[in-house]
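Hi,

Here is the structure I said I would pass on.

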Amino acid sequence: MSRLTDERNIILIGMCGVGKSTVGVLLAKETRREFLDTDVLIQVRDGRGLQEIIDSEGLIGFCRIEEEAILALDVRSHVIATGGSVVYSVSATGRLKDTGPVVYLELPFDVLARRVANLATRGVVIAEGQTLRDIYEERRPLYETWADVTVNCADKTQDEIVMEIIRAIG
């Protein structure tokens, strides 16, 4: 059975600003799946914005909340866009991977840096003194390790990215 016609989820991972949520909505429509954004799920469950959670709970506290939200998920036939920090949790990322293929949406750092201007207020898990490049270099090997498929999103439209994902996992 094709992975596009079964009940497995499609999980999108990658850095903030790469387009996981935007591509995820389009991918869900194209594959006739529900769409779920784990950042939105966390905000709804916690009743606070991501940056507010990070400011009050700290990075470790936020990652714990993110992990708990993902471990509590019980969904099928969804496209799931994750927060960029999900790969810090082996249990959360492993749980997601058990439910379907993991697609790493990749962008070169220079393109990503142009897209992410509001790092301090965006709700990004970044330690004091770290830069966007620091977390990019730290997370990239984690994304590569977890990914079943890697899609380089540079110079591609959202529709082209969606079609590349479908070809790769279909």
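Below is what I found, starting with the whole protein and ending with one residue.

Keep in mind that this is a predicted model. The protein has 7 helices and 5 strands. If you walk along the sequence, they come in the order β-α-β-α-α-β-α-β-α-α-β-α.

Next, the overall shape. A compact globule of 170 residues would have a radius of gyration near 15 Å, and the protein agrees because its own value is 15 Å. Along the principal axes, the C-alpha atoms fill a box of roughly 45 × 35 × 25 Å. Buried residues account for 51% of the 170. I also looked at contacts between residues at least 6 apart in sequence: 74% of them join residues at least 24 apart.

Now for the residue I'd like you to find: E66, in helix α3, which covers residues 50-71. Which side chain of opposite charge is nearest to E66? That would be R139, 7.6 Å away. A salt bridge needs the charged atoms within 4 Å, and E66 has none, even though E66 is buried. So what does E66 touch, leaving out residues up to four places away in sequence? The list is I42, G83, S85 and V86.

Cheers

Note on methods:
Residues numbered from 1 in each chain as written. Predicted model: local features only at pLDDT ≥ 70, side-chain atom pairs only at ≥ 80, totals over all residues. Heavy atoms only, no water. Helix = DSSP H or I, 4+ residues; strand = E, 2+ residues; numbered from the N terminus. Buried < 20%, exposed > 50% of the residue type's maximum accessible area, 1.4 Å probe, protein only. Lys, Arg positive; Asp, Glu negative; His and termini not counted. Contact = heavy atoms within 4.5 Å. Rg over C-alpha atoms; globule rule 2.2 N^0.38 Å.
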